[in-house]
Amino acid sequence: PGALGRSGAVGLPSTAMPPTSVCAAGTFLAAASALAFAESAADDIALGLVAVIHVLSPQRVVIGGGVANAFDVLAPIIRPLVDARLMPPFRGVEIARSMLGDDAGLVGAAQLILRPLQD
């Protein structure tokens with residue numbers, strides 16, 4: 001295959017793996033990027049929750065859909081962001097994961113369609 005071999009790196013055999021430090025650095029950057037994305041998503045979700053809580057004053061907000069799948073990661077980030085932005089009388093609202101997970105939207109849509117038939 002010539003001087004470059006299949007790896008494309010000069011002097012490395014075609015089966016060479018990158019050094020451990022390069023793999024570790026890549027893993028660290030991927031984790032840092034994922035954390036930054038989670039924090040950004042959590043901030044956007046928190047802003048939406050604060051608006052809903054201020055308008056509706058619920059006792060509990062239930063997170064469903066795809067966000068429910070990441071609830072364990074997002075909830076510890078979302079809770080302090082929501083509490084910091086809520087006016088004092090609205091603090092303490094429970095934020096819970098939907099038991100329906102990804103199916104929450106589908107079940108809700110089906111319920112809206114079936115409700116008139118049940119009446």
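Leaving aside its neighbours within four places in sequence, which residues is Ser98 in contact with?

## Ser98 and its surroundings

The answer is Val62, Ile63, Gly64 and Ala104, where contact means heavy atoms within 4.5 Å. Ser98 sits in the loop between strand E2 (94–97) and helix H4 (104–118). Ser98 is also buried, with a relative accessible area of 10%; buried means under 20% relative accessible area, using a 1.4 Å probe and protein chains only. A polar atom of the Ser98 side chain lies 3.0 Å from the backbone nitrogen of Leu100.

## What kind of model this is

This is a predicted model, where local features need pLDDT of at least 70, side-chain atom pairs count only at pLDDT 80 or more, and totals for chains, interfaces and linings use all residues. Residues are numbered from 1 along each chain as its sequence is written, and side-chain values use heavy atoms, with hydrogens and water left out.

## The chain as a whole

You'll find 4 helices and 2 strands here, in the order α-β-α-α-β-α along the sequence. Helices (H or I, at least four residues) and strands (E, at least two) are DSSP runs, numbered from the N terminus. Of the 119 residues in the chain, 18% are buried.

## The nonpolar core

The largest nonpolar core has 17 residues, and Leu49, Ile53, Ile78, Val82 and Ile95 have the most contacts inside it. Such a core is a set of buried Ala, Val, Leu, Ile, Met, Phe, Trp, Tyr and Cys residues joined through side-chain atoms within 4.5 Å. Helix H1 (20–56), strand E1 (60–63) and helix H3 (71–85) each supply at least two residues of this core, and H1 gives the most, with 6 residues.

How values were computed:
Buried < 20%, exposed > 50% of the residue type's maximum accessible area, 1.4 Å probe, protein only. Polar contact = N/O pair within 3.5 Å; in protein donor to acceptor, adjacent residues only side chain to side chain.
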